[in-house]
Amino acid sequence: MAKKEMEVVKNLDVERYMGRWYEIASFQSRFQPKNGVDTRATYSLNEDGTVHVLNETWSDGKRGYIEGSAYKADPKSDEAKLKVKFYVPPFLPIFPVVGDYWVLFLDDDYQFALIGQPSRKYLWILSRKPHLDEEIYNQLVEKAKSEGYDVSKLHKTPQSDTPPEVESATQDTKGIWWIKSIFGK
């Protein structure tokens with residue numbers, strides 16, 4: 001049986017969406033270390049209308065990050081279907097990797113969101129704060145389930161009560177986290 005087309009948010013206010021989002025839960029991916037904590041994304045609007053993306057995670061006390069950009073998949077559409085582009089490896093950006101970023105749910109106050117993509121291989125629950133009320137979390141899980149996701153794959157991301165600041169973080173300057181993530185470490 002074919003899966004139905006996912007419903008996505010319409011008329012996303014991109015400016016309101018900018019800022020920091022904490023990863024509350026996600027499907028594990030080979031692009032992130034399995035022991036990553038305090039994972040977050042920070043979005044800022046570029047002059048050309050694209051979005052600067054900064055994804056950060058801490059693993060073994062070190063900060064790993066990758067930067068990229070996002071843009072509307074179809075500029076004429078009112079649907080929140082974006083494309084994200086990163087260059088890998090992050091320590092020597094050569095190869096572009098493009099993926100889908102679909103906003104499946106966003107509350108009216110832009111405080112929590114459900115992000116997926118058409119293959120249903122990736123899923124994220126994001127929040128403006130490092131912790132999300134369990135009732136809201138469960139509602140987002142149910143929404144993901146109704147969109148055809150296998151929610152048993154969701155992994156809660158550990159978040160500190162006081163998230164680390166970049167200035168005080170030890171940097172992973174060699175991109176070791178990224179290399180390890182390729183091998184599922």
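This is a predicted model: local features need pLDDT of at least 70, side-chain atom pairs count only at pLDDT 80 or more; totals for chains, interfaces and linings use all residues.
Residues are numbered from 1 along each chain as its sequence is written, and side-chain values use heavy atoms, with hydrogens and water left out.

**The overall layout**

The protein chain has three helices and 10 strands. Starting at the N terminus, its elements follow the order α-β-β-β-β-β-β-β-β-α-β-β-α. Helices (H or I, at least four residues) and strands (E, at least two) are DSSP runs, numbered from the N terminus. Of the 185 residues, 44% count as buried; buried means under 20% relative accessible area, exposed over 50%, and partly exposed in between (1.4 Å probe, protein chains only). Among contacts (heavy atoms within 4.5 Å) between residues at least 6 apart in sequence, 55% join residues at least 24 apart.

**Strand by strand**

Here is how some of the strands pair, where pairing requires that DSSP finds at least two bridges between them.

| Strands | Bridges | Sense |
|---|---|---|
| Strand 1 (residues 19-27) and strand 2 | Four bridges | Antiparallel |
| Strand 2 and strand 3 | Seven bridges | Antiparallel |
| Strand 3 and strand 4 | Nine bridges | Antiparallel |
| Strand 4 and strand 5 | Five bridges | Antiparallel |

Thr 42 is a handy landmark: this residue of strand 2 is the bridge partner of Arg 20, and Thr 42 also stands opposite Leu 54 in strand 3.

Two hairpins are worth a look. Between strand 2 and strand 3 there are five residues, and Gly 49 in this hairpin takes a positive phi near 90°. The hairpin of strand 3 and strand 4 has two residues between the strands, and there Asp 60 takes a positive phi near 55°.

**Inside the fold**

A nonpolar core is a set of buried Ala, Val, Leu, Ile, Met, Phe, Trp, Tyr and Cys residues joined through side-chain atoms within 4.5 Å. The largest one has 24 residues, and Tyr 17, Tyr 43 and Tyr 101 are among those with the most contacts inside it. Its largest share, four residues, comes from strand 5. Apart from this core lies another of 18 residues, among them Met 6, Val 8, Leu 114 and Ala 144.

Leaving aside neighbours within four places in sequence, Tyr 43 is in contact with several residues, including Tyr 17, Trp 21, Tyr 101 and Leu 126. Val 84 is found in strand 5 and is buried, because its relative accessible area is 12%. Not counting residues up to four places away in sequence, Val 84 touches Ser 69, Ala 70, Val 97, Val 98, Gly 99 and Tyr 101.

Phe 91 lies in the loop between strand 5 (81-88) and strand 6 (95-106). Phe 91 counts as partly exposed because its relative accessible area is 39%.
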